[in-house]
Amino acid sequence: MADNWLNNLFWDKLDSDMRDDSRGKAETAKASFAASETAIVIVTYNRSHLLDRLLNSIHLMDPMPGHVVIIDNASSDDTREIVERHTSSLDAAVMYKKLSTNTGGAGGFHTGVKTAYELGASWIWMMDDDVEVLSDGLGKLGKWATRFQVIQGRRYDFDGSEFYWQYRISDRLAIPIPFAPSEFDVTGYREMNSGCFEGMFIHRDVVRRIGLPDPRFFIYWDDQLYGWLASRITTAVIVNEFVLRRTRDIRQLDLGVRHFNASSDPYRYYIMRNRAILKQYYRVHGMWHPGAFALGTALTFIKEILRLILVEKTIRGTSNLFRGLRDGQKIARDRNWEPMAPLESGQAQHHLNIN
């Protein structure tokens, strides 16, 4: 009975809120696909051993992307040497940028997507350094690329199990829906209104229209928002194709299909602070419902308390949640705040041409 009530509340009744009524008129044109016009964008920070494994997997890809863009968030390990070792032998052009400071995942993907866009990539495939690519992964995504312009493939977890990602969010609460169906029907895809930079595959035309990932997030909510923005102008989907495998073991509480992962103090701080950035975006798009959004923030706070108690067996770290809420208030009150702007339509329209 409770399950039916929750499904009615979050799924059926809020489902209509997750769709932008004007999206049909703004739907992006269908795209073509060529592997050579794809750029893989990797963001890394002090995990050269994981980056090495990811680059080894890219060597085995068939088809091969045209470019591999590596954004180094000011690593102090041997990341540069690892990249240099792979550059000469990889059958794709490698672009390596080492940033002067750590800009977090959000800043890294901002720079990475910008670089890939300016290179002229038609498709941009984003990923962290703690995954490896399945050899036929790009080809699997390419099969869907003529139908959709924002595509999320599936992942295997570290232990080889099927990783479940919460691909739907409530527009009103601005949080993931934890019981969105995990099974696929005969279509092989489900519509999503979220995003995950661990595998998001996006066409340049969508990037042009919604702008670059917002670096102000540093970490957390940045990819969810980016997918949400994309879903407002085109049909975004998660497809029943396994394309990535996680290579880092994360302490977690196993809840069956879904997992409760461990976190960190910075994670706890930004998950609360960045709610204010979400609020600003929702205001701009006329989607901010004060009471519902506040409930979403409260549920997020409670979830992080439960994560501390159940996964990390402690209550230390709650101060970071309160500090994030406090600093977020300054962002929410900023009258000069502006969202990321769309890119100019005439910017970098050429395509990759890799021999």
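Which residue's side chain does D327 meet in a salt bridge? The partner is R326, with 3.2 Å from N to O. Bear in mind that this is a predicted model. The count of salt bridges comes to 18, and here's a quick look at a few of them.

**D327 and R326**
- D327 sits on the buried side of the cut-off, since its relative accessibility is 13% and buried means under 20%.
- R326 is partly exposed, at a relative accessible area of 47%.

**The R47 network**
- Salt bridges with shared partners tie R47, D129, D130 and R248 together into one network.
- Within it, the side chains of D129 and R47 pair up at 2.6 Å, N to O.

**K143 and E241**
- K143 and E241 form a salt bridge through their side chains, at 3.2 Å from N to O.
- This is another link between distant parts of the chain: K143 belongs to helix α6 (residues 137-144) and E241 to strand β11 (residues 236-246), 98 residues apart.
- K143 counts as exposed because its relative accessibility of 55% is over the 50% cut-off.
- E241, on the other hand, is buried at 12% relative accessibility.

Technical notes. Residues are numbered from 1 along each chain as its sequence is written. This is a predicted model: local features need pLDDT of at least 70, side-chain atom pairs count only at pLDDT 80 or more; totals for chains, interfaces and linings use all residues. Side-chain values use heavy atoms; hydrogens and water are left out. A salt bridge is a side-chain nitrogen of Lys or Arg within 4 Å of a carboxyl oxygen of Asp or Glu. Helices (H or I, at least four residues) and strands (E, at least two) are DSSP runs, numbered from the N terminus. Buried means under 20% relative accessible area, exposed over 50%, partly exposed in between (1.4 Å probe, protein chains only).
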